[in-house]
Amino acid sequence: MGRPPLPLGTYGKVLFIAQPSGQVKARAKFRDFDGRVRLVSKVGPSRAAAERALKVELTNRQAPGGAGAITAGTRMATLAEAWIEADHGWSTGTQRTYRSVVNKQVKPAFGQLCIREVTPGVVSRALSAIAKSSGPGAAKTARACLSGMFALAIQDGAVVVNPVRDATAKISTGKRAPRALTAAETGRLVELFRASDRATELDLPDVVDWMLATGCRIGEALALRYGTNGDGKPILDLRAGTWEVNATVVRVPGAGLTVQPRPKTTAGWRIIALPEFAVRMLEDRRASSRRQTGTEVVFPPPLTGALRDPSNVSGDLRQLLDSFECETCEGTGYQLDEDGSFRAGAGGRRIRCEEGPWSWVTSHTFRKTVATRLDEAGLSPRQVADQLGHANPSMTLDVYFGRQVVSAEAARVLNR
């Protein structure tokens, strides 16, 4: 039998050749990542210096595919950029979040390490440090980024195992049990929004009603349009009482607000049936001359602009929810951190008041409320998932298709 070939990415015996100049050349056979054996050499003033230079070259040697090829000697910073730039089909928001975490957390902790130097212990220590300095949420996202990066490294043959899977760092996000509005609380909160001059000025009562009627995300609600889809069918069909959730409002760096022509996730595309009160609300809204702005967007900004910023709307909702029926801040939604005064104009920096009876509510609570009402009414988990645009992990192959009109029973349950 012949001699077995060198394993990929390894080298054979180092040979030394004296040069006429007095220097020494160190040379070794290296089996490159295309399977070919090549001679790699380096020159130095002595055997030791030449050998050190050769080993550095062999360690950092890239595959013949070019600088973009991933090998065990690739720096983690390079791997991170390759992973971020790959086509994952992410939404704009997800892309922005992952890039931020990679730049702020992953690169500072791992960037100068080679892929081969990252072990489960290195990952555990770094994630624990990130959780301590930036919170468990940042550490959890950093872990997801690292796992994706090593999946790419495994695909390119740089490593054979993912060290993130064996990392022992325990990251607790401290999540509280989900809480939804009761039917009585829902009715009272709608009354408070309708009675608030500030909420009416910001055109929020209808937005809140729409989210409570559909369980949609806030970006999906703000992307609600009267136009047609690519097949020429109405996105919002008030006669049929259906809405095709096929977009969301996002802020693109350097471009501003835009309607992203797909929801947050693939499973988020869906056609849902609308409760009768939601259809009536939109019919009244469309008939109101005050709300006719010449735009296809149903919920345009109250003053100027074509789109509403989900972050700004969330902030407005936050202050209103903090202010409702709150005696501590006297209905302002904030306190002042100087002189012990809570009154506006008394001086001091405004800080959020969290003492009100509605301060626990967020825009996401509306989605939880819809899910809870449907569950209480006996709808199946599949029907609830379809209503909210959630993917069922056990039905991964189904998330791209099968999102037809959700049961009209959901509209009946949510009607009021």
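Student: What does arginine 188 form with glutamate 191?
Tutor: This is a predicted model, and in it arginine 188 forms a salt bridge with glutamate 191, with 3.2 Å between the closest N and O atoms.

Student: Where do arginine 188 and glutamate 191 lie?
Tutor: Both are in helix H6, residues 183-195. They are three residues apart, about one turn of the helix.

Student: Buried or exposed, or partly exposed, for arginine 188? And for glutamate 191?
Tutor: Arginine 188 is partly exposed, at 35% relative accessibility. Glutamate 191 is also partly exposed, with a relative accessible area of 47%.

Student: What about glutamate 325, which side chain does that one meet in a salt bridge?
Tutor: The side chain of arginine 188, with N to O at 2.6 Å. That pair links distant parts of the chain, 137 residues apart. Glutamate 325 sits in the loop between helix H11 (310-323) and strand S9 (334-336), while arginine 188 is in helix H6. Glutamate 325 counts as partly exposed, at 43% relative accessibility.

Student: Which side chain meets lysine 55 in a salt bridge?
Tutor: That of glutamate 51, at 3.4 Å from N to O. Lysine 55 and glutamate 51 both belong to helix H1 (residues 47-60) and are four residues apart, about one turn of the helix. Lysine 55 is partly exposed at 35% relative accessibility, and glutamate 51 is partly exposed with a relative accessible area of 26%.

Student: How many salt bridges does the count come to?
Tutor: The count is 19 salt bridges. There is also a network of salt bridges that links Arg194, Asp203, Asp206, Asp209 and Arg285.

Student: I see Asp206 and Asp209 in that network. Which residues of H8 are buried?
Tutor: Asp206 and Asp209 are among them, and the others are Pro205, Val207, Val208, Trp210, Met211, Leu212, Ala213 and Thr214. Ten of the ten residues of helix H8 (residues 205-214) are buried, so H8 is largely enclosed by the rest of the structure.

Student: What follows H8?
Tutor: Glycine 215, which has a positive phi, near 75°.

Student: Switching to cysteines. How many disulfides does the count come to?
Tutor: Zero disulfides. Cysteine 329 is in none, and the nearest cysteine sulfur, that of cysteine 326, is 3.5 Å away.

Student: And why is cysteine 353 too far for a bond?
Tutor: Because a disulfide needs the two sulfur atoms within 2.5 Å, and the closest cysteine sulfur to that of cysteine 353, in cysteine 326, is 3.7 Å away.

Student: Are those cysteines buried or exposed?
Tutor: Cysteine 329 is buried, at 0% relative accessibility. Cysteine 353 is buried with a relative accessible area of 0%.

Student: Now helix packing. At what angle do H3 and H5 pack?
Tutor: About 85°, with the axes 9 Å apart. The two helices are therefore roughly perpendicular to each other. H3 covers residues 92-110 and H5 covers residues 136-155.

Student: Which residues in H3 and H5 meet?
Tutor: From H3, Thr97, Tyr98, Val101, Val102, Gln105, Val106 and Phe110. From H5, Ala138, Thr141, Ala142, Ala144, Cys145, Leu146 and Met149. The contact divides into eleven nonpolar residues, three polar and no charged.

Student: One more spot, valine 24. Where does that lie?
Tutor: Valine 24 is in strand S2, residues 24-31. Valine 24 is buried, with a relative accessible area of 14%.

Student: What is valine 24 in contact with, leaving aside neighbours within four places in sequence?
Tutor: Phe16, Ile17, Gln19, Lys42, Val43, Gly44, Ser46, Arg47 and Ala50. The C-alpha atoms of valine 24 and arginine 47 are 5.9 Å apart in space, and the two residues are 23 apart in sequence.

Student: And the protein overall, how many helices and strands?
Tutor: There are 14 helices and ten strands. Of the 416 residues in the protein, 43% are buried. Among contacts between residues at least 6 apart in sequence, 59% join residues at least 24 apart.

Conventions:
Residues numbered from 1 in each chain as written. Predicted model: local features only at pLDDT ≥ 70, side-chain atom pairs only at ≥ 80, totals over all residues. Heavy atoms only, no water. Buried < 20%, exposed > 50% of the residue type's maximum accessible area, 1.4 Å probe, protein only. Axes fitted to C-alpha atoms, helices over the stretch in contact; angles between N-to-C directions. Parallel < 35°, antiparallel > 145°, perpendicular 65-115°, else oblique. Contact = heavy atoms within 4.5 Å. Nonpolar A, V, L, I, M, F, W, Y, C, P; charged D, E, K, R; others polar. Salt bridge = Lys/Arg side-chain N within 4 Å of Asp/Glu carboxyl O.
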